[in-house]
Amino acid sequence: MVSLVPVFVDIEASCSSKRQVLRLLSNNAARTLSVDSSDVFSCLVEREKIGTTSIGQGVALPNAAVYGLTQAHTLFLRLKLGVDFDAVDDEPVDVVLCYLAPLESSDQERLLALARLNKLMTNKVVLSLLKGAESEAAVLAIFEQNMSHW
């Protein structure tokens, strides 16, 4: 299985809306993964139209299948202030883990990866560690230490 440890981490992201979060993720995906920013943004926006990717507890898992990727990747944002993500629990989202998969990946592959990420991100201990991490390196270490358990 491909590692889903984030390829990009920002623990002091400033966004005031869901749309700004998706734009920031798209821009960082373009820089980090050499994909088209507007394509990633369009895919993420289309996914959000189907239904919110907020999973509660201040966490969102925006996701999309994107042209130009050869394997799946994740990007992590911790927002300075929570934003409205149409959350199921009405809590503002301040932790975002974006999952981007190759366009050619199967629905089953994407769903299994999302289930794994959902399980990780709804673990109260892991979420507390991520919310309290003081550096990007600390966030990466939390993912590296915990991904094998989920």
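# Loops, strands and packing in a predicted model

Visitor: Does Ser-34 count as buried or exposed?
Guide: The relative accessibility of Ser-34 is 67%, to be judged against cut-offs of under 20% relative accessible area for buried, over 50% for exposed, and partly exposed in between, with a 1.4 Å probe and protein chains only. This is a predicted model, in which local features need pLDDT of at least 70 and side-chain atom pairs count only at pLDDT 80 or more, while totals for chains, interfaces and linings use all residues. Residues are numbered from 1 along each chain as its sequence is written, and side-chain values use heavy atoms, leaving out hydrogens and water. At its 67%, Ser-34 therefore counts as exposed.

Visitor: What is the phi of Ser-34?
Guide: Ser-34 is found in the loop between helix H1 (18-33) and helix H2 (37-50), where helices (H or I, at least four residues) and strands (E, at least two) are DSSP runs numbered from the N terminus. Most residues other than glycine have a negative phi. Ser-34 has a positive value, near 55°.

Visitor: Where is Gln-57, whose phi is also positive?
Guide: Gln-57, a residue other than glycine, has a phi near 60°, and with a relative accessible area of 29% it is partly exposed. Its place is in the loop between strand S2 (54-56) and strand S3 (59-60).

Visitor: Which residue of S6 is the bridge partner of Val-66?
Guide: Val-66 belongs to strand S4 (residues 63-66), where Ala-64 and Val-66 point one way, Asn-63 and Ala-65 point the other way, and all are buried. S4 runs parallel to strand S6 (residues 93-102), and four bridges join them; two strands pair if DSSP finds at least two bridges between them. Within S6, the partner of Val-66 is Pro-102.

Visitor: Why is the pair of Phe-76 and Phe-143 called edge-to-face, and how many residues apart in sequence are the parts that the pair ties together?
Guide: The structure holds one aromatic pair, a term for rings of Phe, Tyr and Trp (its six-membered ring) with centres within 6.5 Å, where planes under 30 degrees apart count as stacked, over 60 as edge-to-face and the rest as tilted. The centres here are 5.6 Å apart and the planes stand at 70°, so the pair is edge-to-face. Phe-76 is buried at 0% relative accessible area, and Phe-143 is buried at 1%. Because Phe-76 lies in strand S5 (residues 73-83) and Phe-143 in helix H5 (residues 136-146), the pair ties together parts whose separation in sequence is 67 residues.

Visitor: How do H4 and H5 run relative to each other?
Guide: The axes of helix H4 (residues 124-132) and H5 come within 9 Å and cross at roughly 160°; axes are lines fitted to C-alpha atoms, for helices over the stretch in contact, with angles from 0 to 180 degrees between N-to-C directions. Angles under 35 degrees count as roughly parallel, over 145 as roughly antiparallel, 65 to 115 as roughly perpendicular and the rest as oblique. H4 and H5 are therefore roughly antiparallel.
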